[in-house]
Structures are given as structure tokens and as C-alpha cells.
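Open the model in a viewer and keep the selection panel at hand. The stops below go from helix packing to the sheet and then to the loops.

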Amino acid sequence: TTTFFDILGGVNTTISVPKNLHLVMLGDSLTRFQYLSFVYFIRYSKWIAPDMLPNPTWEHSYESWNIFSNLTKAMLSPYEQCDCYRFMKKSIAKSEYDLIIENRYYLDESKNSSV
């Protein structure tokens, strides 16, 4: 279990780390950060501290997307597999992404949990 302070209620709340969990998440970058926060909780039995730097829920706290991708994979190792790839084509007007692939899979057999 882990305890965190409920900002609105002003009380400490205890949450058990889930076991026997099988969850599929599909979505945009917001879903990516929800996924990273949740699997961090499963992996370390605690939530990501808001002042943690670099912060896995804030891509811009890393020097580049590739560094973000590599360090978040390392942080969740050996439980996460990711075929993360981003090819960026720069134009005069703005950056355009020609190819983005990001499929993350988390499996912790000791907790029988996959996300």
C-alpha cells in the first residue's frame, strides 16, 4: 500500500498497488502520461512526485523526445517494452512529424499485471 495526501480533502489516503490487473489504454499524449504515471505506481508502489525532474509525466522536462522515450523505458525496466520511434521532418513554418510510433507494454509477472 501507499499513502498520499488528498489535496481537496486534506487527508491521507492509502491505496493498494493493484495485482491481477490487465488493462488496455488507447489514446493520445494525455493517455501516455496517465499510462506512465500508473505503471510507475505499479512498479515502485508510489506516485510520481510533482517536483521529480526529469518528470515522466512532463515530456518537456527532457532535452528531446528521444531522451524522454529512452529514459522512461529505462525507468520501467525490465517490465516495459516499447517500440517508440519518432522521425521528425523540419520545415520553415514548423516541425512536422512524418512518422510516430509509440506502443508501450508493461508486464509484471510477480504481480500478474499487464498494461
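**Helix pair**

The model is predicted, so local features need pLDDT of at least 70 and side-chain atom pairs count only at pLDDT 80 or more, while totals for chains, interfaces and linings use all residues. Residues are numbered from 1 along each chain as its sequence is written, and side-chain values use heavy atoms, with hydrogens and water left out.

Helix α1 covers residues 29–44 and helix α2 covers residues 65–75; their axes come within 11 Å and cross at roughly 25°. Axes are lines fitted to C-alpha atoms, for helices over the stretch in contact, and angles run from 0 to 180 degrees between N-to-C directions. Helices (H or I, at least four residues) and strands (E, at least two) are DSSP runs, numbered from the N terminus. The crossing is left-handed, that is, the near helix is turned anticlockwise from the far one by less than a right angle.

Now show side chains. On α1, the contact (heavy atoms within 4.5 Å) is made by R32, F33, L36, Y40, R43 and Y44, and on α2 by W65, F68, T72 and M75. By class, this contact has seven nonpolar, one polar and two charged residues. Here Ala, Val, Leu, Ile, Met, Phe, Trp, Tyr, Cys and Pro count as nonpolar, Asp, Glu, Lys and Arg as charged, and the others, Gly among them, as polar.

**Sheet**

Next select β3, β6 and β7. They form an open sheet in the order β3-β6-β7, with antiparallel pairing; strands pair if DSSP finds at least two bridges between them. β3 (80–82) and β7 (113–114) are the edge strands, each with a single partner, so one side of each has no neighbour in the sheet.

Which residue of β6 is the bridge partner of Q81? The partner is Y105. β3 and β6 (residues 104–108) are joined over three bridges in the antiparallel sense. Bring back the helices: α1 packs on the sheet, touching β3 and β6, and its direction makes about 15° with that of β6. α2 also packs there, touching β3 and β6, at about 10° to the direction of β6.

**Loops**

Move to the loop between α1 and α2, where P54 and S61 are found. The peptide bond joining L53 and P54 is cis, with omega about -10°. Leaving aside neighbours within four places in sequence, S61 is in contact with L53, P54 and N55. The S61 side chain reaches the backbone oxygen of W58 at 2.8 Å.

In the loop between α2 and β3, select P78. A cis peptide bond joins S77 and P78, with omega about 5°.

Finish at N20, in the loop between β2 (11–15) and α1. N20 is not a glycine, yet its phi is positive, about 55°.

Key
A polar contact is a pair of N or O atoms within 3.5 Å; within protein, one must be able to donate a hydrogen and the other to accept it, and residues adjacent in sequence count only if both atoms are side-chain atoms.
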